[in-house]
Amino acid sequence: MRVPNSVVLPVGTHVDCCREEEVEEKRRDIMAKITMMLAERKSNLTHFINNLEGSEEPMFYVDQWERLKEMENCTLTILNLVAVNCTDHHDIKKLEATILEHVKNEELFPEVVRVLPPVYRQVEAAIVDIAQSEEMADHGMMDLQYLLSKLSQRKHLANLGREFLQDILRYLHRVGLVVWYEEIKQLESTVFLQPTFLITMFKLLVRYHLVQQLESIS
């Protein structure tokens, strides 16, 4: 809801636990609830904006007003829910095909036709090479400045600057090749070249019935 022009594809799992008629009923119910939620959000934003504009001293709330107007202008496209049985490989392939079909839709993603400069591909290939090298630690974490120095050692990337690398990292973060939390101060100088390590770590920390498991330890 806070990302400008975002596109959301709702996915319903555990279809194998439902009867066929239940799946369609739940699909309609979920989409109806999403529609209601968006309408409520729009109504609340309008209400808050009107309250600020109608206050006795609106100049004190300019920052708040600007943030709310920004949120009000964030368009959100909700696609039709896809129901899948995660134990069925055919359903997983169907979900993959649906995602690819939407991603190639220029109306939903105007930037899909943007041509990237060759250096983007060169940096991408070099980062994959570094991530797969024997000297790379399993966690795949690397200091941003150190990554720049490693890339600059390559002949065709000798003139790569920090700002340009950051632009490329934003792109690689969006496509999922690396993870770079530039908006988090404590992590802005760290690049995760192995995103799967983060998934493994989160799986260890965030677990189903975690509280019950911890309470069962004497």
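Reply: What follows starts with the salt bridges and then turns to their surroundings.

This is a predicted model. The count comes to 10 salt bridges. Side chains of opposite charge can pair when their charged atoms come close. Three of these pairs are described here, one by one.

Start with Glu24 and Arg27. Their side chains meet in a salt bridge, at 3.2 Å from N to O. Both residues sit in helix α1, which spans residues 20–53. They are three residues apart there, so about one helical turn separates them. Glu24 has a relative accessible area of 33%, so Glu24 is partly exposed. Arg27 is partly exposed too, with 26% relative accessibility. This pair is also part of something wider. Glu24, Arg27 and Arg28 are linked in a network of salt bridges.

Next come Glu96 and Lys93. Here the side chains meet in a salt bridge at 2.8 Å, N to O. The helix is α3, residues 89–103. Glu96 and Lys93 are three residues apart in α3, and therefore about one helical turn separates them. Glu96 is partly exposed, at 40% relative accessible area. Lys93 is partly exposed as well, at 42%.

Now take Arg154 and Asp129. Their side chains form a salt bridge of 2.9 Å, N to O. Arg154 counts as partly exposed, because its relative accessibility is 25%. Asp129 counts as partly exposed at 41%.

Leu148 is 10 residues away from Ala158 along the chain. The C-alpha atoms of Ala158 and Leu148 are separated by 9.7 Å.

Step back to the whole chain. The domain assignment gives domain 1 (6–104) and domain 2 (118–201). The C-alpha centres of domain 1 and domain 2 lie 32 Å apart.

Helix α1 gives the most to the lining of the second largest pocket, with four residues. By type, the lining of the second largest pocket divides into four nonpolar, two polar and three charged residues.

Last, the cysteines. A disulfide is a covalent bond between the sulfur atoms of two cysteines. The count here comes to zero disulfides. Cys17 is in no disulfide, and the nearest cysteine sulfur, that of Cys18, is 6.3 Å away. Cys17 counts as exposed because its relative accessibility is 57%. Cys86 is in no disulfide either. For Cys86 the nearest cysteine sulfur is that of Cys17, 9.9 Å away. Cys86 is partly exposed, with a relative accessible area of 46%.

Key
Residues are numbered from 1 along each chain as its sequence is written. This is a predicted model: local features need pLDDT of at least 70, side-chain atom pairs count only at pLDDT 80 or more; totals for chains, interfaces and linings use all residues. Side-chain values use heavy atoms; hydrogens and water are left out. Domain bounds come from an automatic or database domain assignment. A salt bridge is a side-chain nitrogen of Lys or Arg within 4 Å of a carboxyl oxygen of Asp or Glu. Helices (H or I, at least four residues) and strands (E, at least two) are DSSP runs, numbered from the N terminus. Buried means under 20% relative accessible area, exposed over 50%, partly exposed in between (1.4 Å probe, protein chains only). Ala, Val, Leu, Ile, Met, Phe, Trp, Tyr, Cys and Pro count as nonpolar, Asp, Glu, Lys and Arg as charged, and the others, Gly among them, as polar. A disulfide is a pair of cysteine sulfur atoms within 2.5 Å.
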